[in-house]
Amino acid sequence: MKNEMTAAVLYGRENLRIENVPVPELDPGDILVRVRAALTCGTDVKVFRRGYHARMIVPPALFGHELAGDVVATGDGVTKFALGQRVVAANSAPCEECFYCRRGAQNLCEDLLFNNGAYAEYIRIPARIVERNTYVLPEHVTYQDAALMEPLACVLRGLDETRARPGETVTVMGLGPIGLMFVRMAKVHGCRVIAIGRRPSQLDNAIRMGADEVVTARDDQDAIVERVRELTSGHGTDVAIEAVGKPESWELAVRLLRRGGRVNFFGGCPTDTRISLDTQLLHYSELTCTASFHHTPSTVRAALDRIISGDVTARQFVNRVEPLANLLEVMRHLMAHNGHMKTAIIP
Ligand SMILES: [Zn+2]
Ligand SMILES: [Zn+2]
């Protein structure tokens, strides 16, 4: 085992360096994973642009959080995993003891432990994540497939929150990788899906994921409301999912609902932004507004099951493969262009 490795270190805004750093040391219960695939994520791009994420990563820090690889070392007391196993680990684990964990809202855990460092040859998976959010991969699941587990777990939690039932219409706004995962999962769940996105390539992707109808997003919100009504016999959609992360888009999502409809505000908006809601509409139409952050151990497990069953594959979401040395260029590219799929980084 070497004691140095190549890794991406985030120092601040758009300041990311590929460096030689010590291979992480293990505490009891930890495992060391040789990363075989790490996927880029919208959150990473946001963090790269801003230089930090108050909850998830404070620089200087190892970077990247969607990964799969091989177990190459185990800390004292590890019994669940053995050397050589192919595994996937989520980027966090809850304490299971606090007020929120005891209420089944582990995503809101007061002591959520985050782990970063997927863009590296090796990553230490801390004991708590080993215990609660790490799994062995069946042979047919590729590393890239498996690395989709974390974002998919967030999506499944968002979809759960809407209580969407088979046969209902789910309208997804925003067709980046997350929006497309919603399209796919709503379809697999047996819903009719309307997908709203700006770029023709995104609309094509949505159709490939199973969207029944696509609507081109434009600045004229009334036209979008009108179109969704036409597609839902004048009623509006049963469920709307906002996966854009803009206040105006959150407001639009509410306007797409039928009476008794449910919205999930999934896309995080910039800090200090506000939306306004029509109180009469909320009241007389009995609208339900939900929002989602992160995942829970049960949605992590459910996400892996979807991947194992083949409902979601890397082929659908990863359209570029690059060595770790090119990460800076990849991040700059993703920052400059919207509407990208994921890039697999192979350290
Ligand atoms: Zn992610
Ligand atoms: Zn907790």
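Arg163 lies in the loop between helix 5 and strand 11 (169–173), where helices (H or I, at least four residues) and strands (E, at least two) are DSSP runs numbered from the N terminus. The model is predicted, so that local features need pLDDT of at least 70 and side-chain atom pairs count only at pLDDT 80 or more, while totals for chains, interfaces and linings use all residues. Residues are numbered from 1 along each chain as its sequence is written, and side-chain values use heavy atoms, with hydrogens and water left out.

The phi of Arg163 is near 50°, a positive value in a residue other than glycine. At 46% relative accessibility, Arg163 is partly exposed; buried means under 20% relative accessible area, exposed over 50%, and partly exposed in between (1.4 Å probe, protein chains only). Most residues other than glycine have a negative phi, and most peptide bonds are trans.

Arg163 is also one of the residues that line the second largest pocket, together with Leu156, Leu159, Asp160, Ala164, Met185, His189, Ser298, Thr299, Ala302 and Arg306. Helix 5 (149–162) and helix 11 (297–309) are the elements that give two or more residues to this lining. Helix 11 gives the most, with 4 residues. The volume of the second largest pocket is about 190 Å³. On a 1 Å grid over the protein atoms alone, a pocket is an open set of points with protein on both sides within 12 Å along at least five of seven lines, a cavity is a set of points where a 1.4 Å probe fits but cannot get out, and lining residues have an atom within 4 Å of a point. Grid points are joined across faces, edges and corners, and a volume is the space filled by probe spheres set on the points. By class, the pocket lining has 5 nonpolar, 3 polar and 3 charged residues. Ala, Val, Leu, Ile, Met, Phe, Trp, Tyr, Cys and Pro count as nonpolar, Asp, Glu, Lys and Arg as charged, and the others, Gly among them, as polar.

The structure holds 1 cavity of 30 Å³ or more. The largest cavity has a volume of about 60 Å³. Its lining consists of Thr43, Asp44, Val47, Met56, Ile57, Phe63, His65, Asn91, Phe114, Asn115 and Asn116. Helix 1 (residues 42–50) gives the most to this lining, with 3 residues. By class, 5 nonpolar, 5 polar and 1 charged residues line the largest cavity.

Pro60 is found in the loop between helix 1 and strand 4 (61–62). A cis peptide bond joins Pro59 and Pro60, with omega about -5°.

A positive phi, near 50°, is also found at Ser233, a residue other than glycine. Ser233 is in the loop between helix 8 (221–230) and strand 14 (237–242), and is exposed, with a relative accessible area of 65%. His235 lies in the loop between helix 8 and strand 14 and counts as exposed at 52% relative accessibility. The C-alpha atoms of His235 and Arg259 are separated by 7.5 Å, and the two residues are 24 apart along the chain.

Tyr100 is placed in helix 2 (residues 99–102) and is partly exposed, with a relative accessible area of 31%.

Notes. Chains lettered and ligands numbered in written order.
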